[in-house]
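Welcome! Here are some exercises with worked solutions, to be done with the structure in view. Try each task yourself before reading its solution.

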Amino acid sequence: METICIQHYDSPCGEMILGSFDGKLCLCDWLIERRRQTIDKKIQKKLRAAYREEESGVIAEAVGQLNEYFARKRTVFDIPLLFTGTDFQQHVWSELLKIPYGTTISYGKLAVRIGEPKAVRAVANANGQNPISLFVPCHRVIGSNHTLTGYGGGLPAKKFLLELESPAGLAI
């Protein structure tokens, strides 16, 4: 069986698990994620691989880039990514990559951007299934009334990330 290298990462807003497979990052998710087991099983099944705590160059680079991000020295990530979702989920996740640092978008506008204006709930669900948080910035998607809505790392982490990315760290 193949191996997905995993390591833990202590971010300023919560503990995360990072995973790499075949030279690409396939996992950067919150340990407190309520769907942790479901997400892990799905990734392992899709890649026909098992988790093993092991170092990898991709994870080492991801940690370096995350540290720069949290120090406000990085606004764009350039780690090779491996999506493990459905075609629809991957379409949504690809669109998330286009949301610039320091900006937000509503689920409705995201649905319009992918050409599925009536699929707001499906877009929100795909957003919630994103296993590569931060690198695929699902935290930048908010409610249409500008409220913070669900986030795998919890709303305090989402608020922290949006404040980190806001000009001069303004409170959100």
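**Exercise 1.** Find out whether Glu165 is buried or exposed, and which residue its side chain meets in a salt bridge.

*Solution.* 
Step 1. Glu165 has a relative accessibility of 4%, so it counts as buried; here buried means under 20% relative accessible area, exposed over 50%, and partly exposed in between, with a 1.4 Å probe and protein chains only.
Step 2. The side chain of Glu165 meets that of Arg140 in a salt bridge, at 2.8 Å from N to O. A salt bridge is a side-chain nitrogen of Lys or Arg within 4 Å of a carboxyl oxygen of Asp or Glu.
Step 3. This pair links distant parts of the chain, 25 residues apart: Glu165 is in helix H6 (residues 155-165), while Arg140 is in the loop between helix H5 (120-128) and strand S6 (141-142). Helices (H or I, at least four residues) and strands (E, at least two) are DSSP runs, numbered from the N terminus.
Step 4. Arg140 counts as buried because its relative accessibility is 4%.

A note on the model: it is predicted, and local features need pLDDT of at least 70, side-chain atom pairs count only at pLDDT 80 or more, and totals for chains, interfaces and linings use all residues. Residues are numbered from 1 along each chain as its sequence is written, and side-chain values use heavy atoms, with hydrogens and water left out.

**Exercise 2.** Work out how many salt bridges a search of the whole structure finds, and which residues are joined with Arg36 into one network.

*Solution.* 
Step 1. The search of the whole structure gives nine salt bridges.
Step 2. One of them joins the side chains of Arg36 and Asp40, at 2.9 Å from N to O. Both residues sit in helix H1, four residues apart, which is about one turn of the helix. Arg36 and Asp40 are both buried.
Step 3. Another salt bridge is formed by the side chains of Arg74 and Asp78, at 3.9 Å from N to O. Arg74 counts as buried because its relative accessibility is 17%, whereas Asp78 is exposed because its relative accessible area is 55%.
Step 4. Through salt bridges that share partners, Asp29, Arg36 and Asp40 form one network.

**Exercise 3.** Describe how domain 1 and domain 2 meet: how many residues are in contact, and what area is buried between them?

*Solution.* 
Step 1. Start with the bounds: domain 1 covers 1-69 and domain 2 covers 85-163, and such bounds come from an automatic or database domain assignment. Taken over C-alpha atoms, the domain centres are 20 Å apart.
Step 2. In domain 1, 20 residues are in contact with 19 residues of domain 2; contact means heavy atoms within 4.5 Å.
Step 3. About 1,600 Å² is buried between the two domains, and carbon and sulfur atoms give 62% of this area. Buried area is the accessible area (1.4 Å probe) that two parts lose on being put together, summed over both.
Step 4. Cys13, Trp30 and Tyr69 supply 34% of the area that domain 1 buries against domain 2, more than any other three residues.
Step 5. Across this interface the rule finds zero salt bridges.
Step 6. Strand S3 (24-30), helix H1 (36-47) and helix H2 (57-70) are the elements that give two or more residues to the side of domain 1 that touches domain 2. S3 gives the largest share of that side, six residues.

**Exercise 4.** Find which residues Gln129 is in contact with, leaving aside its neighbours within four places in sequence.

*Solution.* 
Step 1. Locate Gln129 in the loop between H5 and S6.
Step 2. Its contacts are Arg35, Lys42, Gln89 and Trp93, with neighbours within four places in sequence left aside.
Step 3. Gln129 counts as buried because its relative accessibility is 17%.
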